[in-house]
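The sequence and structure come first.

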Amino acid sequence: MTLNGKTALITGSTSGIGLGIAHGLAAAGANVILNGFGDAQALLADFARHGVKVGHHGANVSHPSEIEAMFAYAAAEFGGVDILVNNAGIQHVAAVEDFPVERWDAIIAINLSAVFHATRLALPGMRQRDWGRIVNIASVHGLVGSTGKAAYVAAKHGVIGLTKVVGLETAKTGVTCNAICPGWVLTPLVQQQIDDRAAKGVDPQQARQDLLAEKQPSLEFVTPEQLGELVLFLCGEGGSQVRGAAWNMDGGWLAQ
Ligand code: NAD
């Protein structure tokens, strides 16, 4: 499969799942626009091995005006966005009555509203070219709940609802919109939750095993590379009639 000549914008791609997906897309020939915090220069140098055009935009996706600036950059430097992966996300764990209002607002802004803003900005160009792929990195928490994750679960359920609507509104076009729902993936976002358990006196290795054992029957983490392969499938001809789906890759989490 080749994505030569296509441009992919992956939000939150300086770390974890987004970074893995960006490498997968670049290896398949797509030009990529990275987004997220951290040392972009080192990442850009690393992407040189794929032989594609790579850029980085540091938009904070909790601000719609910065997402607009990122799309203006994509249009000016790359000629638009053919593949949009809405991946940026944050987590906070607390019971509803203790949940900091500021964390609720931030999670809804980054994990849900940013998906709407990027989608509305990507769609006109995709419709014009009659080809596009929008892949929203939701979560198993878009389909089921867990205690302590009110904002995250609400946002991810919202992403899946938005995915269905966009999938329907583009159904007669060459544009598709789908959500991927990972189970546990060992990234900084999850490492934080393991560290929080270890801070309560549990051995770090045991904390990691406990986290898996509670939810993920395979007892293995999903990897960013495996998620990247699913994104590539959705971008290919084989994925062209997958529309409005919420596709879990979760080591069996949702089969229970
Ligand atoms: P991560 O912390 O490794 O990476 C998050 C990325 O988002 C980073 O590049 C960070 O710079 C960027 N980011 C954070 N806030 C941002 C903002 N305001 N503006 C722009 N970029 C911002 O996390 P991850 O585990 O790779 O998570 C990526 C996505 O996958 C998230 O949407 C998360 O909810 C989802 N997810 C993760 C898991 C998991 O187990 N790790 C499971 C299911 C779904």
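## Gln216 and its surroundings

Apart from neighbours within four places in sequence, Gln216 is in contact with Gly183, Trp184, Phe221, Val222, Asp250, Gly251 and Trp253, contact being heavy atoms within 4.5 Å. The model is predicted: local features need pLDDT of at least 70 and side-chain atom pairs count only at pLDDT 80 or more, while totals for chains, interfaces and linings use all residues. Residues are numbered from 1 along each chain as its sequence is written, and side-chain values use heavy atoms, with hydrogens and water left out.

Gln216 sits in the loop between helix H7 (204–215) and H8. Helices (H or I, at least four residues) and strands (E, at least two) are DSSP runs, numbered from the N terminus. The relative accessible area of Gln216 is 0%, so Gln216 is buried. Buried means under 20% relative accessible area, exposed over 50%, and partly exposed in between (1.4 Å probe, protein chains only).

## Helix H1

Helix H1 spans residues 16–27 and has 12 residues. From first C-alpha to last it reaches 17 Å, close to the 16 Å expected at 1.5 Å a residue; the expected span is 1.5 Å times one less than the number of residues. H1 is mostly covered, with 10 of its 12 residues buried. Those buried are Ile17, Gly18, Leu19, Gly20, Ile21, Ala22, His23, Gly24, Leu25 and Ala26. They pack against the elements tabulated here.

| Element | Residues |
|---|---|
| Strand S1 | 7–10 |
| Strand S2 | 31–35 |
| Helix H2 | 40–47 |
| Strand S4 | 83–86 |
| Strand S5 | 132–137 |
| Helix H8 | 224–235 |

Just after H1, Gly29 takes a positive phi of about 105°.

## The two domains

The domain assignment gives domain 1 (7–183 + 223–248) and domain 2 (184–221); such bounds come from an automatic or database assignment. Their centres, taken over C-alpha atoms, are separated by 25 Å. The contact takes 16 residues from domain 1 and nine residues from domain 2.

Between them, domain 1 and domain 2 bury about 780 Å², 63% of it on carbon and sulfur atoms. Buried area is the accessible area (1.4 Å probe) that two parts lose on being put together, summed over both. On the side of domain 1 that touches domain 2, the elements giving two or more residues are H1 and H8. H8 gives the most to that side, with three residues.
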